[in-house]
Amino acid sequence: MLTGLHVTGNTAMHRLPAGPKLAALALASLVLFFVHSALPLALAVILTGTLYLRLGLSVGEALRRVRPVLITICLFGLLNVVLVSPLEALSSTLRLLAILFFAATVTTTTSIADFMAVLTRLLLPLERLGVVKASDVGLAVGLVLRFVPEIAARHATLREAHRARGVPVKLHRLLGPLIISTLKDADSIAEAIDARGIRGH
Amino acid sequence: MHILFDQAELSYGPVVALKPLSLSLRENRIGVIGLNGSGKTSFARLVNGLAKPSRGKVTLDGLDTVADEKAVMAATGFIFQNPGHQIILPVIRDDIALGPRSRGLKGRELEERVETVLARFGLVELASRRPHELSGGQLQLAALAAVVVNRPKLILFDEPTNQLDLRNRALVKAAIDGLQEQAIVISHDLDLVRDFGRVLVFHEGALVFDGEGPAAIARYREIAAC
């Protein structure tokens, strides 16, 4: 997730504007789906992997950041060995790995604010058509990335509170207070957005 | 700013949060104290237009909080009880830039404005951190920086030292004392408002005392003892 992956730095990738980086990621992902030979895909993995590892992160830290997706891709690869030919399984795994490393490179070097700015720019044509307010969509994405970890933390607190009272932790018991407290916070956050004058300029 | 309450009242259905109030405020530091539910926060929300008066009106330098809502919001800043709720973006520097950016500032000008505010509140080292990595006091300062960066004329604080330890409280008090901007501070922390030239005491939705800090605190203690 962008929240956890972005790291400030001064590498060439950090200095590149967010728009071209996201466009390159989209284009590379598209192109890689038309490549079926394992050799160019392996080269793509080496290239994107090197790019990712040259962002100033230690190898351990770099792998830790992408571990959940990496494990999913490996499991997907193993499943593909059974479902399709081993060579096809290898190609699809290499393709996903190349996209993963490139995506991790982009998210590591792109701040949420820059990401929001690109998203807002992309949605401007829809705003002109009266479909959406572009800055609101950007803000909504920023809010999700900011507050999802808070909701997770609140969930953990509620679990602890149940344990401390000796009450067995059940999802249906947690959902009510979690939803109510999240909605109450949402009211405060909406008020803060108004007070800070972030919308409507 | 000249804050003027003209028989302003705030009620939610049958519940009166603030009884009709007429008041004129021009002081640079204004304290607001009172028991829980006495109408302090309702008063502050009426000042910056977050709440609309049910009757009467509130003006700031002649701007009506209802008719000129946007201008009032732009001229004021509000620090909420939970500063975590008003930090909207995951990185402090980005969040501070959000206000001026949404007002059309960009490039070098935006960068300079943000860096100046970060330096002013001693947040340069913390600018790349995420809100959950900051202490309570640092979080208050980050929220204050995000407000000050918009250059408001008046800043309202709703219990800014609530739940802070002594070190963080001192950090926030020093920041408030150092502000050039006019400030209204709602607080249960009586030492915070003791030196203020004007302190309002609210009780059961009404203004019951209006005067200097020490006398206001004495009146508040009487009310709390009953």
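As a predicted model, the structure is described with local features only at pLDDT of at least 70 and side-chain atom pairs only at pLDDT 80 or more, whereas totals for chains, interfaces and linings use all residues. Residues are numbered from 1 along each chain as its sequence is written, and chains are lettered from A and ligands numbered from 1 in the order in which they are written.

Chain A contains nine helices and zero strands, where helices (H or I, at least four residues) and strands (E, at least two) are DSSP runs numbered from the N terminus. Read from the N terminus, the order of elements in chain A is α-α-α-α-α-α-α-α-α. Chain A is more spread out than a compact globule, because its radius of gyration is 21 Å, well over the 17 Å that the globule rule gives for 201 residues. The radius of gyration is taken over C-alpha atoms, and the globule rule is 2.2 Å times the number of residues to the power 0.38. Along the principal axes, the C-alpha atoms of chain A fill a box of roughly 55 × 50 × 35 Å. Chain A is assigned domain 1 (2-110) and domain 2 (116-195), with bounds that come from an automatic or database domain assignment. The centres of domain 1 of chain A and domain 2 of chain A, taken over C-alpha atoms, are separated by 28 Å.

Two helix pairs of chain A are considered next. Helix α3 (residues 18-32) of chain A packs with helix α6 (residues 86-109) of chain A at an angle of about 180°, and their axes are 10 Å apart. This angle makes α3(A) roughly antiparallel to α6(A). Axes are lines fitted to C-alpha atoms, for helices over the stretch in contact, and angles run from 0 to 180 degrees between N-to-C directions; angles under 35 degrees count as roughly parallel, over 145 as roughly antiparallel, 65 to 115 as roughly perpendicular and the rest as oblique. From α3(A), the residues A:Lys21, A:Leu22, A:Leu25, A:Ala28, A:Ser29 and A:Leu32 meet A:Arg95, A:Ala98, A:Ile99, A:Phe102, A:Ala103 and A:Val106 of α6(A). Two residues are in contact if their C-beta atoms, placed from the backbone, lie within 7 Å. The contact of α3(A) with α6(A) comprises nine nonpolar, one polar and two charged residues. In this classification Ala, Val, Leu, Ile, Met, Phe, Trp, Tyr, Cys and Pro count as nonpolar, Asp, Glu, Lys and Arg as charged, and the others, Gly among them, as polar.

In the second pair, α8(A) and α9(A) pack at about 135° with their axes 10 Å apart, an angle that makes α8(A) oblique to α9(A). Their crossing is right-handed; a crossing is left-handed if the near helix is turned anticlockwise from the far one by less than a right angle, and right-handed if clockwise. The contact involves A:Ile151, A:Arg154, A:His155, A:Leu158, A:Arg159 and A:His162 of α8(A), together with A:Arg173, A:Leu174, A:Pro177, A:Leu178, A:Ser181 and A:Thr182 of α9(A). By class, five of the residues in the contact of α8(A) with α9(A) are nonpolar, four polar and three charged.

Chain B has eight helices and 10 strands. Its radius of gyration is 18 Å, close to the 17 Å that the globule rule gives for 226 residues, so chain B is as compact as a globular protein of that length. The C-alpha trace of chain B spans about 50 × 40 × 30 Å along its principal axes. Domain 1 (1-24 + 49-67) and domain 2 (69-188) are assigned in chain B, and 26 Å separate their centres, taken over C-alpha atoms. Seven residues of domain 1 of chain B and nine residues of domain 2 of chain B form the contact.

Within chain B, the axes of helix α3 (residues 92-102) and helix α5 (residues 136-148) come within 7 Å and cross at roughly 30°, which makes α3(B) roughly parallel to α5(B). B:Ile92, B:Asp95, B:Ile96 and B:Gly99 in α3(B) meet B:Ala142, B:Ala145 and B:Ala146 in α5(B).

Between the chains, 24 residues of chain A contact 26 residues of chain B. On the side of chain A that touches chain B, α7 (112-128), α8 (134-164) and α9 (171-195) of chain A each give two or more residues. The largest share, eight residues, comes from α9(A).
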